Amino acid sequence: MSNMATEITAFVVATAGWVLVSSTLPTDYWKVSSIDGTVITTATYWSNLWKTCVTDSTGVSNCKDFPSMLALDGYIQVCRGLMISAVCLGFFATAFALVGMKCTKIGGSDKVKARIACFAGLQFFISGLCSLTACSLYAHRITSEFFDPMFVAQKYELGAALFIGWAGSALCILGGMVFFLSLSDGISKSSSHADRRRYVYSASYMSSHGKSQNQSANGRRPPDYNNTPQQFDKNAYV
């Protein structure tokens, strides 16, 4: 029962992490910069993996999509690929986790379900690593440009999407590591069942064999009429 509760907790944690990672992909504020006036903020610049925008003091936003994928910076293309891979892996990991959990009635024996749950944990773990790498790479580019005195273009700061992505990555990795433990637990449980069945079979065989020996020792041997010579008198056929 405790193992089942642990798997349910791991599934909830990993699925919550996957939802956070999925929500990070279309989020606007990956990096943010603002131009302050004497009283109010005159303009706010923000950007994500798909577009760059500016919002003025009246709340009107003007956005521009990135014109060409081939003309993008390399780190943006890498972050796109890693985040899309993280979302896809998390989706399949959720499906495999539902099959491999002990609280479901599908998936086969405990050993097979443990392997499926371990595979789901591996997918959750890789999904968390992909999103963690993407967010860290994007944040490294922002911080390196911000602290570079030779960089004269617009400098940005870390946006809220990066922190959401880091939190989701941590949850995916944590849930995946818990699912890893299901493999050893399922194999040990199946081996214990096999040893128990082997012990019961051997005990029943020894009991039946002992009973047969006792019956043969205590009982009389039936006479063998085939080897006993038979004598008949002359009136035997009358």
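This is a predicted model: local features need pLDDT of at least 70, side-chain atom pairs count only at pLDDT 80 or more; totals for chains, interfaces and linings use all residues.
Residues are numbered from 1 along each chain as its sequence is written. Local features need pLDDT of at least 70 and side-chain atom pairs pLDDT 80 or more, while totals for chains, interfaces and linings use all residues; side-chain values use heavy atoms, with hydrogens and water left out.

The whole structure holds two salt bridges (a side-chain nitrogen of Lys or Arg within 4 Å of a carboxyl oxygen of Asp or Glu).

| Salt bridge | N to O distance |
|---|---|
| K102 and E7 | 3.2 Å |
| R141 and E145 | 2.8 Å |

K102 lies in the loop between helix 2 (74-100) and helix 3, and E7 in helix 1 (residues 2-24), so this pair ties together parts 95 residues apart in sequence. Helices (H or I, at least four residues) and strands (E, at least two) are DSSP runs, numbered from the N terminus. R141 and E145, by contrast, both lie in helix 3, four residues apart. E7 is buried at 4% relative accessibility, as is E145 at 17%, whereas R141 is partly exposed at 31%. Buried means under 20% relative accessible area, exposed over 50%, and partly exposed in between (1.4 Å probe, protein chains only).

Helix 3 (residues 110-146) also contains Q123, which is buried with a relative accessible area of 10%. A polar atom of the Q123 side chain lies 3.2 Å from the backbone nitrogen of A93.

Strand 4 (residues 61-65) lies largely in the open, because the number buried among its five residues is zero. Strand 3 (residues 51-56) pairs with strand 4 in the antiparallel sense over five bridges (pairing requires at least two DSSP bridges).

Conventions: A polar contact is a pair of N or O atoms within 3.5 Å; within protein, one must be able to donate a hydrogen and the other to accept it, and residues adjacent in sequence count only if both atoms are side-chain atoms.
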